[in-house]
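Here's a quick briefing on the chain you have open.

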Amino acid sequence: MQPGRIEKEQLRFRSYIKVRRVTEADIGAVYQIASSVGKSDKDSTQGFLVDDYASEPAFYMEKFTALAQRLDHFYVAENVSSSTKPLVVGFLMAYTRDQWLEDNPDWIEEVKWHPLFDQERLNSFVVVDKTAIRAHLTGHGIGSELYKRLIADIRPKDITTIMAETIISPIPNFASLAFRKKQQYTLAGVRYEPYLGEMYTDLIYFKDIAGVAVDKA
């Protein structure tokens, strides 16, 4: 397929994507998507979530349910092109500063901040903790649509900084790094995190959305 035609197909597909807040009825689909990209075998090029969701279904379903009630910014993207029930094709979970530091109280101190990063930004931000798309639908702009909704919701609250972490060791998440580049994120720091007996290295990125114009769907 020629590049121009691919772009047109992607735009056509994105026109059928609706982003909304998660509901309890979505938890099964959220878990299904998470377990498809968060498993014991990690695919650097496809992208992955760190946890092995298939290992404890009941635990993670309960966790997603609790987060759906707690988080201000937990969204699903659904494909509404079908005449049947809309299909959830991706999700995004973001924490406000207070929510993030409640769960990770030492996070600011643990990060080795880049010398050029303005730490005044740490007074007000959101952290995108998880973004996942059905594996066969990556590359269609679903992640971008989820981010558009997040930006549209936080801008009225005068939040202009989005933070996100990307793992580079022991297994680099190349798909996540490519998305950071596509979305024009800037490196803010690095953090070392022990997890299941290994030391993980996370790159901390930020994006200034002060001048980003988006339409809320």
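This is a predicted model: local features need pLDDT of at least 70, side-chain atom pairs count only at pLDDT 80 or more; totals for chains, interfaces and linings use all residues.

**Strand E5 and its neighbours**

- E5 covers residues 126–133 and is mostly tucked away, with six of its eight residues buried.
- E5 also pairs with strand E6 (residues 161–169), this time in the parallel sense and over three bridges.
- You can pick out two of the pairs by eye: valine 126 stands opposite isoleucine 162 in E6, and valine 127 has methionine 163 in E6 as its bridge partner.
- Strands of a sheet can pair either parallel or antiparallel, through backbone hydrogen bonds.

- E5 is part of an open sheet of eight strands, ordered E1-E2-E3-E5-E6-E8-E7-E4.
- Pairing in this sheet is mixed.
- At the edges sit strand E1 (17–21) and strand E4 (112–113), each of which pairs on one side only.

**Helix H2 and what covers it**

- Helix H2 spans residues 27–37, and its buried residues are Ile27, Val30, Tyr31, Ile33, Ala34, Ser35 and Val37.

**The largest pocket**

- The largest pocket holds about 1300 Å³ of space.
- It has 46 lining residues, and the closest to its centre are Phe48, Leu49, Asp129, Lys130 and Thr131.
- Several elements give two or more residues to this pocket's lining: H3, helix H4 (97–103), E5, H6, E6, helix H7 (174–182), strand E7 (186–195) and strand E8 (198–208).

**The enclosed cavity**

- How many cavities of 30 Å³ or more does the structure hold? There's one.
- The largest cavity has about 70 Å³ of space.
- Its lining is made up of Asp51, Tyr53, Tyr60, Lys63, Phe64, Leu67, Met93, Tyr95, Asp129 and Lys130.
- H3, E3 and E5 each supply at least two residues of that lining, and H3 has the largest share, with four residues.

**Whole-chain numbers**

- The chain has seven helices and eight strands.
- Of its 217 residues, 46% count as buried.
- Among contacts between residues at least 6 apart in sequence, 70% join residues at least 24 apart.
- The chain exposes about 11600 Å², and carbon and sulfur atoms supply 51% of that area.

Conventions: Residues are numbered from 1 along each chain as its sequence is written. Side-chain values use heavy atoms; hydrogens and water are left out. Buried means under 20% relative accessible area, exposed over 50%, partly exposed in between (1.4 Å probe, protein chains only). Two strands pair if DSSP finds at least two bridges between them. Contact means heavy atoms within 4.5 Å. Accessible areas come from the Shrake-Rupley method with a 1.4 Å probe; for residues, only the protein chains shown count as cover. On a 1 Å grid over the protein atoms alone, a cavity is a set of points where a 1.4 Å probe fits but cannot get out, and a pocket is an open set with protein on both sides within 12 Å along at least five of seven lines; lining residues have an atom within 4 Å of a point. Grid points are joined across faces, edges and corners, and a volume is the space filled by probe spheres set on the points.
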